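The sequence and structure follow.

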Amino acid sequence: MHLFTDNRSIREYLSSWLAKGKTAGLVPTMGALHRGHLSLVNRALSENKVVVVSIFVNPTQFNDPDDFRRYPCNPEQDISILRKIMREEDAVFHPPAKEIYPEPDTRTFDFGGLDRFMEGAYRPGHFNGVAQVVTRLFEILKPTRAYFGEKDFQQLAIIRHITENLNIPIKIVACPIVREPDGLAMSSRNVLLTSEERQTAASISRTLFSARDMRQKASLPKVKQWVTERLNELPGMEVEYFEIVDDRTLAPLSQWQKNKGMVGCIAVKLGKVRLIDNIRFS
Ligand code: AMP
């Protein structure tokens, strides 16, 4: 496995593979790798001749400076984990910020309204920062495919949107959420939870699963209220939002839809840690 820290070397390395007609898969991450990330890497390994995992904690997507400061970071450990599963020809790209942003990135993106609700509403500027880093990585690496997790459901929709809108010839591959044995969606931020908070956190997915089972018996507003009240009762937990949205427009729904995909998306604060999760209702 190769390790690159500058744009030019990785670009040269990858273009030599692409010139031979080989496929390249990109897995963008912010490090602090867990099994969720590794599921993306394994999928990419099974579908591409060469795989690049990028590790870059992107400052422009943090709307909260404390969240950026606290974000877990252990690139040496990440690299040694990847060494165990990647092949000789695969690569890690771990650039310093000046490689990604040689100048301040002033680009603003249009997400066609997909950013109006949920993360877009609660984390102003977040998706613009995500779009900046993802389009920079796409521009530098020009992979055949790029892999993203459904854990960040709204992010995935937004990345699909910009890729199509900007005619970027990269296939976006969505990968299912990987959970801990008690159901908690794996996240780099989980290590920031105290042991009590970690136990409480299991209720997030448990409540979402129960909510899905209530669909036949209860109206959508009732289910929303039930989820919110139930989680807000738990010590240290505060629901930021729980919305059941159309899976294409991401617009919050007020009643169950027959022929449309629906996804319940949640963000909670548990102590100082912000966690998100989602579940398909159809
Ligand atoms: P991050 O390092 O948090 O930016 O995540 C990098 C990629 O891994 C994103 O596409 C995430 O959606 C994906 N990811 C993070 N957690 C999980 C998970 N539990 N299951 C599947 N994918 C995940």
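## Basis of the description

A pocket is an open set of grid points with protein on both sides within 12 Å along at least five of seven lines, and its lining residues have an atom within 4 Å of a point. A cavity, by contrast, is a set of points where a 1.4 Å probe fits but cannot get out. The model is predicted.

## Domain arrangement

The protein chain is divided into domain 1, covering 2-175, and domain 2, covering 188-280. Taken over C-alpha atoms, the centres of domain 1 and domain 2 are separated by 26 Å. Their contact involves 21 residues from domain 1 and 22 residues from domain 2.

## The largest pocket

The largest pocket has a volume of about 240 Å³. Its lining consists of L114, E150, F153, L156, A157, R160, H161, E164, A174, D247, R248 and R280. Helix α8, residues 153-165, gives the most to this lining, with 6 residues.

Sorted by class, the lining of the largest pocket has 6 charged, 5 nonpolar and 1 polar residues. Because domain 1 (2-175) and domain 2 (188-280) both give residues to the lining, the largest pocket lies between them.

## The second largest pocket

The second largest pocket holds about 160 Å³ of space. The residues that line it are N63, D64, D66, D67, R70, Y122, R123, E240, K269, K272 and R274. Helix α3, residues 65-70, provides the largest share, 3 residues.

Charged residues number 9 in the lining of the second largest pocket, beside 1 nonpolar and 1 polar. This pocket also has lining residues from both domain 1 (2-175) and domain 2 (188-280), and therefore lies between them.

## The largest cavity

The structure holds 2 cavities of 30 Å³ or more. About 850 Å³ of space lies in the largest cavity. Of the 49 residues that line the largest cavity, M30, H37, K151, D152 and Q155 lie nearest its centre. The lining divides into 26 nonpolar, 15 polar and 8 charged residues.

Which elements each supply at least two residues of this lining? They are the strands β2 (24-29), β5 (145-149), β8 (262-270) and β9 (273-280), together with the helices α2 (35-47), α7 and α8. The largest share, 6 residues, comes from α7. At the domain level, the lining of the largest cavity draws at least three residues from each of domain 1 (2-175) and domain 2 (188-280).

## The second largest cavity

The volume of the second largest cavity is about 70 Å³. Its lining is formed by K151, L184, A185, S187, N190, A201, I204, S205, I266, L275, I276 and D277. Helix α9 (195-214) and strand β9 each supply at least two of the lining residues. By class, 7 residues of this lining are nonpolar, 3 are polar and 2 are charged.

## Packing of α1 against α7

Helix α1 (residues 7-19) and helix α7 (residues 126-141) pack at an angle of about 60°, and their axes are 8 Å apart. That angle makes α1 oblique to α7. On the side of α1 the contact is made by N7, I10, R11, L14 and L18, and on the side of α7 by R136, I140 and L141. The contact of α1 with α7 has 5 nonpolar, 1 polar and 2 charged residues.

Note on methods
Residues numbered from 1 in each chain as written. Predicted model: local features only at pLDDT ≥ 70, side-chain atom pairs only at ≥ 80, totals over all residues. Heavy atoms only, no water. 1 Å grid on protein atoms, 1.4 Å probe; cavity = no way out; pocket = protein on both sides within 12 Å on 5 of 7 lines; lining within 4 Å. Points joined across faces, edges and corners; volume = space filled by probe spheres on them. Helix = DSSP H or I, 4+ residues; strand = E, 2+ residues; numbered from the N terminus. Nonpolar A, V, L, I, M, F, W, Y, C, P; charged D, E, K, R; others polar. Domains from an automatic or database assignment. Axes fitted to C-alpha atoms, helices over the stretch in contact; angles between N-to-C directions. Parallel < 35°, antiparallel > 145°, perpendicular 65-115°, else oblique. Contact = heavy atoms within 4.5 Å.
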